[in-house]
Amino acid sequence: MSSTSASFVQIRFDDLQFFENCGGGSFGSVYRARWISQDKEVAVKKLLKIEKEAEILSVLSHKNIIQFYGAVIEPPNYGIVTEYASAGSLFDYINSNKSEEMDMDHIMTWATDIAKGMHYLHMEAPVKVIHRDLKSRNVVIAADGVLKICDFGASRFHSHTTHMSLVGTFPWMAPEVIQSLPVSETCDTYSYGVVLWEMLTREVPFKGLEGLQVAWLVVEKNERLTIPSSCPRSFAELMHQCWDADSKKRPSFKQIISILESMSNDSNLPDQCNSFLHNKAEWRCEIEATLERLKKLERDLSFKEQELKERERRLKMWEQKLTEQSNTPLLPSFDICAWTEEDVFFWMQQLTRKGDSSGEMSIYASLFKEHHITGKRLLLLEEEDLKDMGIVSRGHIIHLKTAIEKLTHDYLNLFHFPPLIKASGAEENIEKVVNLELVFGYHLKPGNGPKDCKWKMYMEMDGDEIAITYIKDVTFNTNLPDVEILKMTKPPFVMEKWIVGIEEHQSVECVITYESDVRAPKTTRHIQAICWSKVKAQDEVETVQLMIQTSLPNSEGTSRSRSDS
């Protein structure tokens, strides 16, 4: 372990023992690990390279900000090492059965934790930091119940720029961030209001709506999350203030802390709040009614026309962004499938020049040209294809695959907007294919052997968060006589209780049932073998191709599936 010139501690990769994946942050996956030399449980966020996140974390110190220990800088192994929050994310807690225990004291304590952490970032840190991606997934719960803000992959030192690129997650993003307009720290205030709404309602914001739909509704229609009519007035007013379209009218976190203190002195508020929390069945219909109304807007012809305008605006936005950011390769054109071999050569020259300080990747542009790689072939390249071309470095393959995936995600989808609604009387059925990556594994406390170990199975998803809306329920069956069959309708999909001991040939049957608009398959089945080992077993990944039935409406306004967006 040694200090680096970057003012943070460098941790050796072989000084870390990795365990299960804890989830994904901005631009990286997060794992639970043990820092061997310090005998400390930590979280490690694996990255393709160390950039601003380590620089930001290294200057921060506050009880409501995740504690930074150091970074791994051993090509191709890069990572951020922080304290491990054993109780998981706020999002997971809110969407678990545990959240039913929440009362006003609980919410007020956690709301204050987040507000104090954000106030520190904006006003008390050595340099002002705008988080830009504050959401319940990026707030974790420490063992002592204190909330800590994490994942600074999308953050910016305020002194560096006030123009923000399109990062973050749409349901939590302020209108000015969605539009890539100049922003101030109150863009985080908007996101805070959404997190407060999550704690009060224990619901997923804008559930079932896809990213661009939410962006259009928030910016163009000035829509906001539904605050149930029975929500205590002081909470409702605070959320309304946080979501003001005029960013200058939103409260600072210093003001929010003061508002929360005043609320805690209101003797009538606890009864009002707890009554609201415990009567969810009475007001949940208000949120569902709003979601149905917003989905109906999607059937409006003007909405489809607006999507085309949004497409053109985003194309211009990306073009401007690419000319401003020196670390992003310029594109010969936005229609990648039309790229010639020369276009790919031009793109590869920029990519390898800017992503390779050693110069080892400089030959790849010519290599791609020798293999006659066009834009269409570029988007189809897999890891084995890169190896067949003679690229052997694992780090280089990851760098190239990430760049190609970024092309597909950021640009290619702009050319696949849905057609405008046809004004015919007949309903037209079309199908949409969604690839769902399911990750199966099990947590294991090894104990002294198979007889006294403890384990429980889990299922996670990798990829677009909207994919979770196609899953109706997940069932785990251990086939053990004293263990009940467990069915879950919302994440996290993990067995609630630890199973003691592993029987010979032990396995768990996992059955996933899909929603009605999934034409095929209706269900999928996975058998997970449970084996004792001193180290965690490798997760198993299965790709399921879902055929989504989508109906375009007739002239009378026949309803459409949520998946056509």
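**Figure 1. Surface and overall make-up of the predicted model.** The protein exposes about 27200 Å², and carbon and sulfur atoms supply 49% of that area; accessible areas come from the Shrake-Rupley method with a 1.4 Å probe, and for residues only the protein chains shown count as cover. This is a predicted model, in which local features need pLDDT of at least 70 and side-chain atom pairs count only at pLDDT 80 or more, while totals for chains, interfaces and linings use all residues. Residues are numbered from 1 along each chain as its sequence is written, and side-chain values use heavy atoms, with hydrogens and water left out. Of the 565 residues, 49% count as buried (buried is under 20% relative accessible area, exposed is over 50%, and partly exposed lies in between, with a 1.4 Å probe and protein chains only). You will find 16 helices and 21 strands here; helices (H or I, at least four residues) and strands (E, at least two) are DSSP runs numbered from the N terminus. Among contacts (heavy atoms within 4.5 Å) with a separation of 6 or more, 66% join residues 24 or more positions apart.

**Figure 2. A look inside the largest cavity.** A cavity is a set of points, on a 1 Å grid over the protein atoms alone, where a 1.4 Å probe fits but cannot get out; a pocket is an open set with protein on both sides within 12 Å along at least five of seven lines, and lining residues have an atom within 4 Å of a point. Grid points are joined across faces, edges and corners, and a volume is the space filled by probe spheres set on the points. By this rule there are 2 cavities of 30 Å³ or more, and the largest cavity holds about 50 Å³ of space. Its lining consists of Trp197, Phe206, Arg224, Leu225, Thr226, Ile287, Thr290, Leu291 and Leu294. Helix α10 (residues 280–297) gives the largest share of this lining, with 4 residues. By class, the lining has 6 nonpolar, 2 polar and 1 charged residues; Ala, Val, Leu, Ile, Met, Phe, Trp, Tyr, Cys and Pro count as nonpolar, Asp, Glu, Lys and Arg as charged, and the others, Gly among them, as polar.

Figure 3. Lys497 sits in the loop between β16 (493–494) and β17 (499–500) and is exposed, at 66% relative accessible area. Beyond its neighbours within four places in sequence, Lys497 is in contact with Trp455 and Lys456.

Figure 4. Lys432 belongs to strand β12 (residues 428–445) and is partly exposed, with a relative accessible area of 27%. Its C-alpha atom is separated by 9.5 Å from that of Val518, 86 residues apart along the chain. Gln538 lies in the loop between β20 (523–529) and β21 (540–552) and is exposed at 72%. The C-alpha atoms of Gln538 and Phe19 are separated by 9.5 Å, although these residues are 519 apart along the chain.

**Figure 5. Two buried cysteines.** Cys150 is buried, with a relative accessible area of 14%, and Cys453 is buried too, at 0%. The structure holds 0 disulfides, a disulfide being a pair of cysteine sulfur atoms within 2.5 Å.
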